[in-house]
Amino acid sequence: MAVPAAAMGPSALGQSGPGSMAQWCSVSSGPSRYVLGMQELFRGHSKTREFLAHSAKVHSVAWSCDGRRLASGSFDKTASVFLLEKDRLVKENNYRGHGDSVDQLCWHPSNPDLFVTASGDKTIRIWDVRTTKCIATVNTKGENINICWSPDGQTIAVGNKDDVVTFIDAKTHRSKAEEQFKFEVNEISWNNDNNMFFLTNGNGCINILSYPELKPVQSINAHPSNCICIKFDPMGKYFATGSADALVSLWDVDELVCVRCFSRLDWPVRTLSFSHDGKMLASASEDHFIDIAEVETGDKLWEVQCESPTFTVAWHPKRPLLAFACDDKDGKYDSSREAGTVKLFGLPNDS
């Protein structure tokens, strides 16, 4: 059975032994000009601010394609949308209607007004920020835990806890296809060209299907343990996977070979995000920091400190701003109460 990445605990951790991906980790001679430039920028923009979004933990954050809005989905059964103003997020609306936790959400790839939420209530909902209304509720067969929107905007894929992926027409809101997999499906994504569909699975593999035919193209043994998350870089050159062995591996999209890996985290990698220029990769886990690496070398560029495990990270589509959410507790009154905040890193130190 598939489990949301947010629920991955230490038991999923498999240490990498000899012959594992760790042996491919490369060390470069010295920081590149890009790294030095970004480190200089972050020295003056290392502030993280938090913004109250929900009454329970936040599972997912995502930016609209124009970068004007950030959406968050929560265990409190709602989604929230913030407007990005100069150096802060201003809450615009809270979207209610789901009957269970909102585990993942994503925006339309080219329409900045539409986003879709996946919930354990066996529905997905499409929302429009202009009317703040739900424009469609689509019933699905199981408890939904992952969702993605195709790069051409025409299809939404949603995966449930029973490892069924349903492909939904974004205009008619009807199911176009449904695939039951015999392995634990963790995260799903189209490639940038929209002609292949990728799934990460519980056996450490990346399964690749042709699209729209959904015929198996290849299965890659990516990691010695559970392969949890996958992201494509905006330039279309690489994709990255994160695993329970605490490694992030970077793959060449055309050759489907691993070009390098990043091994600074100690816990299962739950969430990944490429920066808008494809040059930085943020990865996070139960470690109390988010690793920011230079994609081309694997070098550490920065780390963002946090006080608890991180569920979700998302780089802004135009600026070096990283939105994220952690398993924070509201310590002021009750150490067990979830804080429900979203955070933004990369703000000016004097803001």
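This is a predicted model: local features need pLDDT of at least 70, side-chain atom pairs count only at pLDDT 80 or more; totals for chains, interfaces and linings use all residues.
View 1. Residues are numbered from 1 along each chain as its sequence is written, and side-chain values use heavy atoms, with hydrogens and water left out. Take residues 220–254: their end C-alpha atoms sit 14 Å apart, and the span is 54% strand and 0% helix. Helices (H or I, at least four residues) and strands (E, at least two) are DSSP runs, numbered from the N terminus.

**View 2. The largest nonpolar core.** Here 19 residues come together, and Phe42, Met280, Ile290, Ile292, Leu301, Phe324 and Phe345 have the most contacts inside the core. A nonpolar core means buried Ala, Val, Leu, Ile, Met, Phe, Trp, Tyr and Cys residues joined through side-chain atoms within 4.5 Å. Among the elements that each supply at least two residues are helix H1 (33–44) and strand S24 (289–294). Zoom in on phenylalanine 324 and you'll find, beyond four places in sequence, partners including Val61, Ile290, Val304 and Phe345; contact means heavy atoms within 4.5 Å.

View 3. Asparagine 194 sits in the loop between strand S14 (185–190) and strand S15 (196–201). It counts as buried because its relative accessibility is 12% (buried is under 20% relative accessible area, exposed over 50%, partly exposed in between, with a 1.4 Å probe and protein chains only). Leaving out neighbours within four places in sequence, asparagine 194 touches Ser150, Pro151, Asp152 and Tyr211. Its side chain reaches the backbone nitrogen of aspartate 152 at 2.8 Å.

View 4. Tyrosine 211 and proline 212 are joined by a cis peptide bond, with omega about 10°. Proline 212 lies in the loop between strand S16 (205–210) and strand S17 (216–221), and leucine 214 is found in the loop between S16 and S17 too. Leucine 214 isn't a glycine, but has a positive phi of about 60°. At 8% relative accessible area, leucine 214 is buried.

Key
A polar contact is a pair of N or O atoms within 3.5 Å; within protein, one must be able to donate a hydrogen and the other to accept it, and residues adjacent in sequence count only if both atoms are side-chain atoms.
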